[in-house]
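This report describes a protein model for a reader who is new to structural analysis.

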2 protein chains.
Amino acid sequence: MISVDRAELAFQLFEALPTASLATLPRFADYDRTAMDEVLDTAERIAREHFLPHAAALDLDAPRFEGGKVALDDRVGAALAVYREAGFFSAGFDREWGGTQMPGTLRAAASFIFSMANASTAAYPLLTFDAASLIAAFGTGEQKERFLRPMVTGRFFGTLCLTESQAGSSLGDIVTRAGQNEDGSYSISGNKMWVAGGDHDICENIVHLVLAKVPDSPAGPLGTSLFIVPKFLVGEEHAQGERNGVALAGLNHTMGYRGIPNAVLNFGEDEPCRGYLLGKLDNGLAQLLQTANEMRLGVGLEAAALGAAGYRAALRYADERMQGHLPGNWNPDGPPVPIIEHADVRRMLLAQKAAVEGALALILYAAFLVDATRAAPNAEASHDSRLLLDLLTPIAKSWSAKYCCEANSHALQILGGYGYTRDYPVERLYRDNRLNAIREGTHGVHGIDLLGRKVMQENGTGMKVLAARIMADVTLAHAHPELAGHAEDLAAHLAEAVATTGRLGGTVGSDPRRGLANATLYLDMLGDVVIAWMWLRQAMAALRKRATDSSDGDLIDGKLAACRYYFLYELPRARTARTLLDSLDDTALTMKPEWF
Amino acid sequence: MISVDRAELAFQLFEALPTASLATLPRFADYDRTAMDEVLDTAERIAREHFLPHAAALDLDAPRFEGGKVALDDRVGAALAVYREAGFFSAGFDREWGGTQMPGTLRAAASFIFSMANASTAAYPLLTFDAASLIAAFGTGEQKERFLRPMVTGRFFGTLCLTESQAGSSLGDIVTRAGQNEDGSYSISGNKMWVAGGDHDICENIVHLVLAKVPDSPAGPLGTSLFIVPKFLVGEEHAQGERNGVALAGLNHTMGYRGIPNAVLNFGEDEPCRGYLLGKLDNGLAQLLQTANEMRLGVGLEAAALGAAGYRAALRYADERMQGHLPGNWNPDGPPVPIIEHADVRRMLLAQKAAVEGALALILYAAFLVDATRAAPNAEASHDSRLLLDLLTPIAKSWSAKYCCEANSHALQILGGYGYTRDYPVERLYRDNRLNAIREGTHGVHGIDLLGRKVMQENGTGMKVLAARIMADVTLAHAHPELAGHAEDLAAHLAEAVATTGRLGGTVGSDPRRGLANATLYLDMLGDVVIAWMWLRQAMAALRKRATDSSDGDLIDGKLAACRYYFLYELPRARTARTLLDSLDDTALTMKPEWF
């Protein structure tokens with residue numbers, strides 16, 4: 001059974017954030033609180049009835065490469081048909097192209113529900129959203145008509161074909177080529193690796209966005225361009241036309257996310273492959289970066305959803321499983337207790353709650369920034385929010401991937417031997433979630449992105465905005481005596497983090513290798529501080545709610561306890577990390593390969 | 001290709017420890033340095049030729065439950081036949097029963113090699129060793145003749161049938177029954193869960209050691225007894241006799257260690273099941289505890305071996321994989337660098353080296369204590385060593401399981417997308433190693449064992465012995481100027497850990513629930529300090545070697561760098577943990593189930 005905690009989602013959306021206020025913006029006028037609740041009701045029902053039932057089976061019986069095609073459990077396509085009917089493919093897109101202009105914050109909450117139920121099946125539309133967003137941002141009117149519109153309605157799915165076997169994270173080193181044809185289109189040739197949802201026949205067409213280089217383009221990332229490459233050429237009224245030269249070369253056998261084919265694709269190998277330039281020539285990576293925030297928040301959201309699914313499973317098990325006796329009250333004749341009575345089990349549940357709800361709070365906060373930015377009257381009005389979003393995104397993606405996977409490990413541990421078997425979902429969730437620190441920029445790549453780029457942008461303005469927003473909440477928190485200690489603690493951590501950032505930033509300028517040597521630790525450290533902020537915000541929201549409303553007392557107590565847990569058990573490691581960061585330690589940098 | 005680092009093993013055995021000196025003891029007289037090297041040569045050859053080749057295939061094509069039997073890859077039996085021929089089953093047992101009296105320290109090193117190559121296939125003889133050790137310790141002469149002798153030669157394998165579906169870690173709550181027959185044997189009836197190697201036909205007989213209760217035995221752990229329950233009754237000269245009433249009820253489908261059947265066994269359900277009391281009535285758990293140290297060290301060793309296999313795989317990949325460019329030297333036209341040039345990759349390799357070699361050092365140190373204890377003239381002479389061993393065992397098991405599994409996660413991360421596929425071994429090693437924090441006492445159970453029992457034994461004498469041995473090494477380390485800082489650091493950590501232990505110990509006495517509420521953190525904290533000691537010892541051994549010998553310079557530099565890494569990057573978290581432990585925080589304890 002799916003156990004989405006709707007009270008938790010409502011708290012995050014409507015107490016910790018003013019999501020309901022988005023309806024006052026013209027773009028989101030259709031989405032008042034009632035409409036929002038209906039969206040979540042529908043998502044929960046479809047997730048329970050159509051996504052969850054085949055999640056375990058899909059993992060066991062993963063898509064197979066048969067006769068050049070992907071053989072896939074029929075229930076995936078059936079579930080996504082229901083999803084399509086309910087309008088979830090069109091959530092978020094402009095009405096002009098068939099979208100419903102659903103606020104991204106709400107869309108994120110709905111996606112969380114689907115990914116909790118079945119992360120693999122839920123991944124197809126998330127990838128389609130990423131690809132369609134790029135076309136929406138950079139496509140010509142004709143391209144939008146031909147490709148975006150049917151993606152928005154869910155007739156066509158989308159993929160991103162970025163890296164290659166030799167390139168990995170280093171997208172500037174791709175070798176896929178695009179040569180211009182006489183009609184202005186391009187002929188694509190090359191091989192792409194790790195294409196999630198790269199082939200299947202559960203939709204009418206697949207629109208691949210392919211990163212490639214044209215002849216004489218500059219070396220490296222500044223010489224890459226994006227191309228729209230449909231599996232089938234598109235005829236009138238989006239009818240399936242001739243098969244394009246995109247061939248499935250094989251599937252990668254992955255440890256998790258086994259329900260979505262992870263494909264190797266060949267372009268233009270046996271048959272000509274036609275592509276259409278998206279946006280500007282040699283601007284491919286820049287365009288990807290412009291939409292990367294939402295993509296990366298999406299990965300963080302999936303990580304949080306997988307963590308939440310494990311948390312709920314562990315919680316139910318801990319409530320029901322009778323085992324052991326309590327210290328100090330040890331009586332072998334007495335009945336065993338539910339294992340949730342054991343302090344260490346509660347600690348592992350608190351760790352999961354802190355990670356999952358902390359991550360979710362940050363991702364929804366960031367999604368709200370996206371919505372607010374999009375609805376802002378002009379770029380200037382949203383300037384600070386965009387810088388803040390740029391800075392929070394690598395954290396929201398990476399902290400969530402790291403600690404929500406750790407949460408899955410705690411869930412597995414609570415179930416013990418049972419957790420290690422396929423009789424319960426927790427081992428599958430653990431396997432799935434391990435991917436999220438690798439895809440869409442590895443953990444290490446995001447560390448370098450954060451320290452080497454994001455905190456430096458515009459002379460550190462993003463960091464100043466972050467500090468100002470945190471301090472505004474610290475000030476508010478001082479109004480609550482029971483949060484004053486946490487508020488002080490957060491303020492101290494923030495001040496130290498700002499100082500560490502300045503120190504490291506200077507070194508990144510003068511000696512980049514040394515400055516960036518511990519960038520991953522910096523990412524983790526700043527993430528710990530940001531999540532503490534999210535917990536302080538949640539604790540304040542809980543107290544605000546308590547002041548006006550006598551319901552949900554358990555939820556409020558739980559938020560306060562989890563906040564306390566986070567500040568006492570998790571946040572202190574940020575200080576340990578800063579000591580190391582401040583020392584500019586170069587142990588890893590100076591370690592010689594032959595010493596290993 | 002298996003990549004056992006023989007220089008590393010030789011360093012651990014013969015530089016960090018005086019393993020070669022064991023040959024001066026009468027029991028181990030056959031094992032001089034040359035003989036020891038030959039044992040390791042043989043282990044390496046057999047592991048490479050017979051264990052490694054089927055490791056990946058065995059994971060994919062796990063044992064199946066077919067027609068009431070286990071269908072198993074033939075190569076497992078074939079590999080173990082070679083292992084048997086080479087005499088590894090008899091390693092460690094007394095010559096009287098067919099053993100070779102191999103020192104346990106050397107046996108551990110050989111087991112490390114086999115588990116690195118194929119942890120599943122290597123697990124059969126490890127489990128057989130555990131069961132045979134119990135018979136060696138508590139069996140009658142007749143039982144040893146009938147069961148131990150053929151186990152020592154590897155004709156019979158062994159299992160431990162301890163827990164049951166409802167009991168989990170709480171072995172006092174088992175319900176399997178044993179009723180005495182007229183001939184003095186017992187009739188066993190009940191079901192056992194999680195029996196690794198519980199059924200197969202790759203040996204002549206399987207000797208199950210079954211924990212059960214006789215009628216009117218006291219409730220709880222003090223009312224459990226151990227029974228020898230062979231799969232086939234044993235005839236003259238160990239011939240296979242009548243089938244005993246042990247039936248395979250099913251297999252658990254586990255996330256890792258998939259090559260060894262994880263069985264559910266029924267005893268005496270359709271056919272009568274005969275068992276023979278091992279040792280004293282109602283003394284089963286006490287007997288298990290007496291041999292538990294070696295069993296648990298074995299689990300820690302497997303964890304270290306899995307970590308080492310991942311480390312070597314990641315190291316090779318990092319050396320060979322060309323990808324990316326270095327900060328500060330960024331030239332998109334230039335060739336990519338081997339990823340080992342990236343500081344973050346080196347950091348993840350150092351983390352693995354620190355975990356794996358730190359764990360291995362501790363396990364071999366403990367194994368050496370076992371050897372020294374066994375060869376001691378009397379119990380008094382080995383008293384301190386036994387207390388120290390009792391205290392180090394939960395750490396050696398649990399720290400290794402936790403951090404060597406984390407090492408596997410780092411290995412996976414270094415391989416990126418490739419690491420997430422079955423084309424490389426790292427995802428399998430990661431799945432395998434996740435079990436080791438669960439079996440043979442979960443992580444949490446060992447925390448309670450350490451804080452609630454081991455550090456309290458004999459008024460804390462074990463802790464005093466530990467502190468004295470660490471301080472002796474600290475004193476020695478001060479002779480090396482480059483280690484003086486680490487020595488001081490370790491001494492400070494030790495003093496604080498002793499103080500924390502005293503404080504917590506008092507609370508455990510007065511308010512056990514509160515005192516033990518953070519026992520897992522205590523386990524991790526003391527483990528961090530003990531592993532720092534192991535790194536200081538390794539660094540000293542490296543400098544001693546350098547002073548007398550110009551070879552192995554890279555190994556020595558690597559040890560010094562890894563020691564530095566450990567002290568700077570890993571050890572500081574112990575201080576953070578102590579702050580929390582000293583506060584006697586009860587956040588987890590007071591968290592109410594309904595608040596989650």
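Is A:C563 buried or exposed? With a relative accessibility of 0%, A:C563 counts as buried, where buried means under 20% relative accessible area, exposed over 50%, and partly exposed in between (1.4 Å probe, protein chains only).

**Basis of the report**

This is a predicted model, in which local features need pLDDT of at least 70 and side-chain atom pairs count only at pLDDT 80 or more, while totals for chains, interfaces and linings use all residues. Residues are numbered from 1 along each chain as its sequence is written, chains are lettered from A and ligands numbered from 1 in the order in which they are written, and side-chain values use heavy atoms, with hydrogens and water left out.

Chain A has a mean pLDDT of 96, and 99% of its residues reach 70 or more; pLDDT is the predictor's confidence in each residue, from 0 to 100. For the complex, the predictor gives an ipTM of 0.98 and a pTM of 0.98.

Helices (H or I, at least four residues) and strands (E, at least two) are DSSP runs, numbered from the N terminus.

**Cysteines**

A disulfide is a covalent bond between the sulfur atoms of two cysteines. In this report, the term denotes a pair of cysteine sulfur atoms within 2.5 Å. A search of the whole structure finds zero disulfides over all chains. The sulfur of A:C563 is too far for a bond, because the closest cysteine sulfur, in A:C404, is 17 Å away. B:C404 is likewise in no disulfide, and its nearest cysteine sulfur, that of B:C405, is 9.0 Å away. At 0% relative accessibility, B:C404 counts as buried.

**A covered strand in chain B**

Strand β7 of chain B comprises residues 225–230, and six of its six residues are buried. In a regular strand the side chains alternate between the two faces of the sheet. From β7(B), the residues B:S225, B:F227 and B:V229 point one way, whereas B:L226, B:I228 and B:P230 point the other way.

Which strands pair with β7(B)? Two strands pair if DSSP finds at least two bridges between them. Strand β6 (residues 205–212) of chain B pairs with β7(B) in the antiparallel sense over six bridges. Strand β12 (residues 274–278) of chain B also runs antiparallel to β7(B), and three bridges join them. The residue B:L226 takes part in both pairings: its bridge partners are B:L211 and, in β12(B), B:L278.

**A buried position in a helix**

B:A407 is placed in helix α10 (residues 383–419) of chain B. With a relative accessible area of 1%, B:A407 is buried. Leaving aside neighbours within four places in sequence, B:A407 is in contact (heavy atoms within 4.5 Å) with B:Q352, B:A355 and B:V356. The C-alpha atoms of B:A407 and B:K353 are separated by 8.2 Å, although these residues are 54 residues apart along the chain.

**Two loop residues with positive phi**

Most residues other than glycine have a negative phi, and most peptide bonds are trans. A:Q101, which is not a glycine, has a positive phi of about 55 degrees. This residue is found in the loop between α4 (74–85) and α5 (104–117) of chain A, and at 11% relative accessibility A:Q101 counts as buried. B:D282, also not a glycine, has a positive phi of about 60 degrees. B:D282 lies in the loop between β12 and α8 (284–320) of chain B and is partly exposed, with a relative accessible area of 25%.

**Relation of the two chains**

Two copies of a chain are related by a rotation about an axis and a shift along it. Chain B can be laid on chain A with an RMSD of 0.0 Å by a turn of 180 degrees and a shift of 0.0 Å along the axis, the superposition being by least squares on the C-alpha atoms of residues with pLDDT of at least 70 in both copies. That is the relation of a two-fold axis. The same surface serves both copies, as 100% of the contact residues of chain B recur in chain A. Of the residues of chain B, B:R573 comes closest to the rotation axis, at 3.4 Å (C-alpha).
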